[in-house]
Amino acid sequence: MDRTDPDYAPLDFVAARQRMVDAQIRPSQVGNATIIAAMRTVPRERAVPDALRAFAYSDQNLPLGEGRYLTEPRVTGRMLQVADLRHGERVLVVAAGTGYLASLLGAMALELHVTALESDPRLATMGKALCAACAPGVQWCDGPLVKGAPASAPYDLIFIDGAVRAVPQAIVEQLAQGGRIIAPIAPASGVTSVSRIAATAQGSAVQPLFEAAVPVLPELAPAPAFVF
């Protein structure tokens, strides 16, 4: 809309944020007061390109370019809920993108030690700015997603903010003993499910928790097989 139009009214993002929580988050089995408080506070509109700010609080994945998306708010809220967050934990966010999930974690009154890993400089620039404003304690790491962030390992909790066929082994190996990974797992056929992954002596154990339409992270997608 033309801002010079006399009928133009700027969006009330604060009101939109409260509606998102009341209409999308709370009805989706998200009852943790710490999560709710953070989602009422962190400005999601700053985690999307300017052209998409009007849609920041809609119930959909929002495109960020190059095959990357800002995950639907309901899914983000439920991922936080099923993670069973505990005071003082070391947390890694893989594919931190524009910083929304990392900012939520850093803004919670749990004294979490949050590391955000991102490989795309454009997205990381947005994410660092959002965290600087809302969660300045978040530490950012620039590098390939598949390698994780070993310098700050081990982690009690790892989020992957995008779907993967399987969690890369290098990331599994960065879990502390008894730690867990929360990630959307997208099988080659079938539905994507946000799952809890734990390290085992045989590799890892995957427990599906709830279905979610989350796009696959291009960087962590398996390479296409040769067909002769």
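## Terms and basis

A residue is called buried when its relative accessible area is under 20%, exposed when that area is over 50%, and partly exposed in between (1.4 Å probe, protein chains only). This is a predicted model, in which local features need pLDDT of at least 70 and side-chain atom pairs count only at pLDDT 80 or more, while totals for chains, interfaces and linings use all residues. Residues are numbered from 1 along each chain as its sequence is written, and side-chain values use heavy atoms, with hydrogens and water left out.

## Salt bridges

A salt bridge is a side-chain nitrogen of Lys or Arg within 4 Å of a carboxyl oxygen of Asp or Glu. The model has eight salt bridges by this rule.

## Arg68 and Glu118

One of these pairs joins Arg68 to Glu118, with 2.8 Å between the closest N and O atoms. Arg68 belongs to strand β2 (residues 68–70) and Glu118 to strand β4 (residues 113–118), so the pair ties together parts that are 50 residues apart in sequence. Strands here are DSSP runs (E, at least two residues), as helices are (H or I, at least four), numbered from the N terminus.

Arg68 is buried at 9% relative accessibility, and Glu118 is buried at 1%.

## Arg180 and Glu89

Arg180 and Glu89 form a salt bridge with an N to O distance of 2.7 Å. Arg180 is in strand β7 (residues 175–185), whereas Glu89 is in the loop between α3 (73–82) and β3 (90–94), 91 residues apart. Arg180 has 4% relative accessibility and is buried; Glu89, at 6%, is also buried.

## Arg86 and Asp84

Arg86 pairs with Asp84, the closest N and O atoms lying 2.9 Å apart. Arg86 is partly exposed at 40% relative accessibility, and Asp84 is partly exposed at 41%.
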